[in-house]
Amino acid sequence: MEKNASMENMKFERLFSWGPPTNEETAAKYAQAGVTDIIVYSEKQLELATKHGMRGYWTCFTPEGPHCQVMNEEETRHFNYINGKDLDPAMPRDERLKITSMRKGEKNHRYGGEMVTDIDTLNDAEIKCFISDDDLALTRKKLDRILSTAPDGISGIYMDYIGYMNHHGCYCENCLAKYKKYLADKHLENTTENRNDFYLEQLVGYYNHVIDYVKKQRPEFKIVIHAYPDFKPLPLYGNRIKADYCGQTVAWYFQWPEEKIQYYTKFVTEHSKDYYPHVEGIPFQGVNTNSNISLGYKTPTDVEREIRQILAAGGKTLMVCDGPSIIEPGYFDVFRKYCGKESSSK
Ligand SMILES: [Zn+2]
């Protein structure tokens with residue numbers, strides 16, 4: 001009980017938002033809610049962020065490659081089913097969403113978060129096979145475009161969707177050939193463990209090559225990531241990535257038990273410097289305020305309970321997606337209470 005009493009004045013020092021300030025009103029609200037770091041997609045949004053004392057980050061980099069990732073037959077069938085690939089393309093959008101949302105619920109789909117079934121695949125985002133991007137040819141082109149358009153005053157960039165659609169790996173011909181060579185070079189057998197090690201190495205290697213490339217051109221740029229989608233063999237692998245601010249999920253959209261939230265928060269914050277001393281581990285919280293879709297829904301009370309659990313476990317910073325949920329009625333008050341800079345009389 002002592003602990004709860006002393007928690008009353010605890011606040012996060014920093015709040016990262018995945019939603020941009022779209023106009024004067026939302027920018028002011030984000031700032032009041034305590035957002036310190038925010039994604040922006042235009043010079044106007046950067047202006048708004050800066051005016052309200054927030055650091056702006058220039059758009060979101062997602063992986064590049066010559067083709068989409070390849071899954072096995074069963075995973076492909078699952079992907080096509082939950083995304084309604086069999087439905088008439090002319091079907092009205094609402095009707096289509098209703099069906100795909102129902103199918104996602106039926107399959108216990110977790111939207112890229114930790115799987116709760118034997119098979120789960122990502123919702124509609126088709127991630128490129130970054131392993132096949134030899135010498136990062138396509139990736140560099142994309143990064144060059146992002147960096148060359150970044151306006152003055154930008155603090156860095158966000159990165160997302162660097163991972164595997166099936167939470168395990170990509171099985172295109174190129175990836176399988178690279179895996180075969182990896183086994184031969186290291187004199188290893190083809191086992192699940194070795195395969196997982198290979199795909200983890202490729203994943204972390206890609207992240208770090210991309211980050212090195214950005215830093216070489218813009219050393220002052222900070223890299224903000226959310227390690228997503230989940231890598232099933234090792235959910236908390238994010239500390240191997242040399243991002244300045246490494247968001248790792250400690251509370252997913254589908255609500256996790258308190259013990260899990262606390263364990264993950266402790267791990268994310270206490271082990272963030274195991275590989276690179278400059279990395280800050282940022283606890284990530286998924287918040288969806290729409291109860292009509294199959295993505296897990298949280299009330300403001302749910303959000304507050306989780307926030308208190310993260311704080312109690314030692315979290316000092318927070319990252320939230322989707323961003324606009326931070327400034328929605330009810331939720332806004334919760335974030336202002338635990339992240340806002342002005343001392344509110346509770
Ligand atoms: Zn591949």
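Select helices α6 and α8 to start: the two are oblique to each other, because the angle between them is neither under 35 degrees (roughly parallel), nor over 145 (roughly antiparallel), nor 65 to 115 (roughly perpendicular). What you have open is a predicted model, in which local features need pLDDT of at least 70, side-chain atom pairs count only at pLDDT 80 or more, and totals for chains, interfaces and linings use all residues. Residues are numbered from 1 along each chain as its sequence is written.

Now pick residues 137–149 for α6 and residues 192–217 for α8; the helices pack at about 40 degrees with axes 11 Å apart. Axes here are lines fitted to C-alpha atoms over the stretch in contact, and angles run from 0 to 180 degrees between N-to-C directions. The crossing is right-handed (the near helix is turned clockwise from the far one by less than a right angle).

Next, show side chains for T139, R140, L143 and L147 on α6, and for V210, Y213, V214 and Q217 on α8: these make the contact (C-beta atoms, placed from the backbone, within 7 Å). By class, this α6–α8 contact has five nonpolar, two polar and one charged residues.

Then zoom out to the whole protein, with its 11 helices and eight strands (DSSP runs, H or I of at least four residues and E of at least two, numbered from the N terminus). Its C-alpha trace spans about 65 × 45 × 45 Å along the principal axes. Finally, colour by burial: 41% of the 346 residues count as buried (20 or more other C-beta atoms within 10 Å of a residue's own).

Technical notes:
Buried ≥ 20, exposed ≤ 12 C-beta atoms within 10 Å, placed from the backbone. Contact = placed C-beta atoms within 7 Å. Nonpolar A, V, L, I, M, F, W, Y, C, P; charged D, E, K, R; others polar.
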